[in-house]
Amino acid sequence: MNRFHRIAAVLALVLLPLGAAQAANSATANLVALDKSLKTGWIDARIEFWPAPDAKGNLGTPQVFPAQLLFARPGQFRLVLRTGAKNEYRAAATGGVVSWMDYGTGIGGQAKYANIMDPFTRSMLDITGAITRFSPAKEQTLDPKGVLRAASMNTRVYGSSIVASHAWFGNDQPIGFDFTLSDNRRVVVSILSYKPNIPTKPADFTL
């Protein structure tokens, strides 16, 4: 479940767009506003999971796979990795319990949400305003006339596997995130499509 913890923590940061026609806000302002307004969401993404650099600083080949996430705050989600493949992986959380199934191996299980989820993930899924409290953002210097904005964040949640991250916006819309983990591996998320604040029902958060 370690890889699931990390990827779920990453996807928990994908937030509602402001829908502007051109870049007008800072990335930090966007993150704070989105964190305060987002209640539910659906995301279609491309994940790159990079190994830690070797002794010479060289990077290996990343694992690349599609992912989909439906979530509702507080504490509900349904995550699918390698969508549609024979080794598809699913995890769902509701009612304080996380269930998962790896269809490649046929192995699944259940555990208490509070015991198994990364502490940063719990903060982002459970608490409105978590960005400000647990991962304050700093604006990155980019072309002020361009449409690309970026912010860096340092995680302030004890025990989290995510230590640093970046959020990227194009025309005030979130387009990607990258995360550095405590073991120096990296997760890069490219946002392909998402729908913010959509209606959900209990049956949505089952395997």
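Two strands count as paired if DSSP finds at least two bridges between them.

**View 1. Where β5 meets β6 in this predicted model.** Here strand β5, residues 97-102, runs antiparallel to β6, and six bridges join the two. Look for Asp102: it sits opposite Ile107 of β6.

**View 2. The whole sheet, an open one built from 11 strands.** Reading across, the order goes β6-β5-β4-β3-β2-β1-β11-β10-β9-β8-β7, with antiparallel pairing. On average, neighbouring strands are turned by 20 degrees against each other, direction ignored.

**View 3. Helix α2 packed on the sheet.** Residues 27-37 make up this helix, which touches β7, β8 (148-154), β9 (162-170) and β10 (173-181). The direction of α2 makes about 65 degrees with that of β8.

**View 4. A nonpolar patch on the surface.** Leu142 belongs to the loop between β7 and β8. Its relative accessible area is 32%, so Leu142 counts as partly exposed, the range between under 20% for buried and over 50% for exposed.

**View 5. Zooming back out to the chain, with its five helices and 11 strands.** Of its 207 residues, 46% count as buried. The accessible surface comes to about 9,900 Å², and carbon and sulfur atoms hold 53% of that. Among contacts with a separation of 6 or more, 50% link residues 24 or more positions apart.

Terms used:
Residues numbered from 1 in each chain as written. Predicted model: local features only at pLDDT ≥ 70, side-chain atom pairs only at ≥ 80, totals over all residues. Heavy atoms only, no water. Helix = DSSP H or I, 4+ residues; strand = E, 2+ residues; numbered from the N terminus. Axes fitted to C-alpha atoms, helices over the stretch in contact; angles between N-to-C directions. Contact = heavy atoms within 4.5 Å. Patch = residues over 30% accessible without salt bridge, like charges linked within 9 Å, V, L, I, M, F, W, Y side chains within 5 Å. Areas by Shrake-Rupley, 256 points an atom, 1.4 Å probe, with all protein chains shown as cover. Salt bridge = Lys/Arg side-chain N within 4 Å of Asp/Glu carboxyl O. Buried < 20%, exposed > 50% of the residue type's maximum accessible area, 1.4 Å probe, protein only.
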